[in-house]
Amino acid sequence: MSHSGKKVLLNAFNMNCVGHIHHGMWTHPQDRSTEFTSLKYWLDLARTLERGLFDGLFIADILGVYDVYQQGIGLTAKESIQLPVNDPLMLVSAMASVTEHLGFGLTANLSYEAPYPFARRFSTLDHLTEGRVGWNIVTGYLDSAARAMGQTELLSHDRRYDQADEFLDVSYKLWEGSWEDDAVTADRERRRYADPHKIHAIDHQGEFYQVQGYHLSSPSPQRTPLLFQAGSSARGIQFAARHAECTFVSGSTPQATRAHVDRLRQAAKEAGRHPDDLKVFMGVSVIVAPTEREAREKEQEYLRYASPEAGVAHFSSSTGIDISQFELDQPIQAGPTRAIESVSQAYSGWTRRRLLEQHAMGGRYSLIVGDPKQVADALLKWVDESDIDGFNLTRILNPQSYIDFIDLVVPELQSRGRYKTAYQPGSLRKKLFNDDRLPSRHPAARWRRS
C-alpha cells in the first residue's frame, strides 16, 4: 500500500442552477437539481460534503445567457443550460450555519462590480463563515452579459485582465490596508469601539477605477478571501501567477496537464512567489459503484438521460461560435472571438459529430468510470503524474454523484493515506496553506501597514 505522495484536495463543483456541466441529467428520476431554488437542497448538500471531508463547495456562475447556438435561447431554456441561474453568494450564510469546516469558492464577475461594495460583501461573508470563503475571479466571456450591463460589447480579452489587475489592487487596499489589525478594541470602559487613528482611507486614482474611502468592514479572519482563478491563455496565466492561490485546469492527458501545471508554477516563481503558492485543481467527473460492471451499467443508464446537443450548445457560447451552422462532418473554423480564447484554439478543426461524441454525457469533462479501487488509481495517477493538487468534482446526478464518491472513493483514498481523515481547524486558507493571511510575497501584502 503506497503512503507516499501528497494528500488529494477536493472541491464539489456546482452552480446555482439546474444544468451545470452534464446537461440533460436533470431528467433522471434520481436527480434533485430542479430543487436548486430551495434552501433545503443546499443545506443537505453542504452537510453531505462536510461528511465527506470535502475542502470546499465551488460554485460557478455566469452573468448572461447562452444564446450563440442557433442564435437564441431555445435549447438553453428547454434543457435549462445554466438558465435560470441564481446568485451564488446568497447561499453561503445558510450553508455555513449547518457546517463547521466546509469552504465556499464563489464565482463573481468583477467586470460588472464596483470594488467598494464588492469588498464589503466578501468581508461580510468571511466574518459570518469564520474565514471560509474564497473568490473565484472571473472577467466574463459572454457578449449577452455585456449587452445586459449596458455595454455594446465585451472589452477585448487582454483588456479585461488589465481591468482585473486594477480591481484586485483596489480590493487589496481595502481588505489589507484600510484597517490595522488592532483597530478594533471594543473597549466599553473607555467608550472606544475602534481607534480612528488605525483606520485609513484609501485613495486610488487609476485607469478603470477611482476610489476614495474607508473600507466599511473591520478585518475579517482571512482579510482577503482565498483567491481562485481559471485562465489558461497567456494573459490568464500571467494574472494567475500574480494573484491566484488556487487555479483550475481541464486535463486531456496527464502529460499535457503536467506541461500546463509546470507553466503555471514557473510563472508564479517569476512573479516572486513560490511554485507551491499555487494549488492546482482539475475538473473531473466520476461514476463509481462497488464493482466495475455496476459502474459501467450506471454509465450506460446515465447516457440515456444526457443531452449531447445541450452540451454542444453550452460549448458554442464558450467559443463564441454557433456550431449548429456546421454540417455533422464539416471542420469547425474558429474565427476571431472575444470568448474563451484557450477553448477556441484547442478545438479548431473539430467536427460537430466529434463534439457530440465528446459531449455524450452532456459535458466535456474527463470521465472516470469504475470500482472504488479503479477510480482511486485513476485520480492518483493524475495527481502524481501531472503535479495537480486536487479535483473539482462535477455532479452528474445531484447529489447522488457526491454521495457515491463519499461512500466509495473517499474510504479507498483514506486507506492509502492520500486523503484526510479529519479537518484541520481554522480558516479555508489555513487549511490549505497553513496561514489565515496571504504571505508577504503576495502582491496584496504591499498595502499592509506594519
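Here is a short chat about a predicted model and some of its residues.

Student: Before we start, what should I know about the numbering and the model?
Tutor: Residues are numbered from 1 along each chain as its sequence is written, and side-chain values use heavy atoms, with hydrogens and water left out. Because this is a predicted model, local features need pLDDT of at least 70 and side-chain atom pairs count only at pLDDT 80 or more, while totals for chains, interfaces and linings use all residues.

Student: Okay, which side chain of opposite charge is nearest to D31?
Tutor: D31 lies in the loop between β1 (9-15) and α1 (39-51); helices (H or I, at least four residues) and strands (E, at least two) are DSSP runs, numbered from the N terminus. D31 is buried, and buried means under 20% relative accessible area, exposed over 50%, and partly exposed in between (1.4 Å probe, protein chains only). A salt bridge needs a side-chain nitrogen of Lys or Arg within 4 Å of a carboxyl oxygen of Asp or Glu. Lys and Arg count as positive, Asp and Glu as negative, with His and the chain ends not counted, and D31, which has no salt bridge, finds its nearest opposite charge 5.1 Å away, on R395.

Student: Which backbone nitrogen lies 2.8 Å from a polar atom of the D31 side chain?
Tutor: Look at what D31 touches: M25, W26, I396, L397 and N398, not counting residues up to four places away in sequence. Contact here means heavy atoms within 4.5 Å. The backbone nitrogen at 2.8 Å is that of N398.

Student: How many residues make up the largest nonpolar core?
Tutor: A nonpolar core is a set of buried Ala, Val, Leu, Ile, Met, Phe, Trp, Tyr and Cys residues joined through side-chain atoms within 4.5 Å. In soluble globular proteins, nonpolar side chains tend to be buried together. Those with the most contacts inside this core are F54, L57, W135, F391 and F405, and its residue count is 81.

Student: Which helix gives the most to this core?
Tutor: It's a helix spanning residues 157-177, and it supplies 8 residues. Its name is α6.

Student: Which residues of β8 are on its covered face?
Tutor: In a regular strand the side chains alternate between the two faces of the sheet. In β8, Q210 and Q212 are on the uncovered face. The covered face has V211 and G213.

Student: What is the bridge partner of D203 in β8?
Tutor: Strand β7 (residues 202-205) pairs with β8 in the antiparallel sense over 4 bridges; two strands pair if DSSP finds at least two bridges between them. A hairpin of 4 residues joins β7 to β8. The partner of D203 is Q212.

Student: Is D44 buried or exposed?
Tutor: D44 meets R32 in a salt bridge, at 3.4 Å, N to O. D44 sits in helix α1, while R32 is in the loop between β1 and α1, 12 residues apart. With a relative accessible area of 19%, D44 is buried.

Student: How many residues apart are D387 and R265?
Tutor: Their side chains meet in a salt bridge of 2.8 Å, N to O. D387 is in the loop between α13 (372-386) and β13 (390-393), and R265 is in helix α8 (residues 254-270). At 10% relative accessibility, R265 counts as buried.

Student: How many salt bridges does a search of the whole structure find?
Tutor: Some share partners, joining R159, D162, D165, D169, E207, R235 and R242 into one network. Another example is R190 with D187, at 3.9 Å, N to O. The search of the whole structure finds 37.

Terms used
A polar contact is a pair of N or O atoms within 3.5 Å; within protein, one must be able to donate a hydrogen and the other to accept it, and residues adjacent in sequence count only if both atoms are side-chain atoms.
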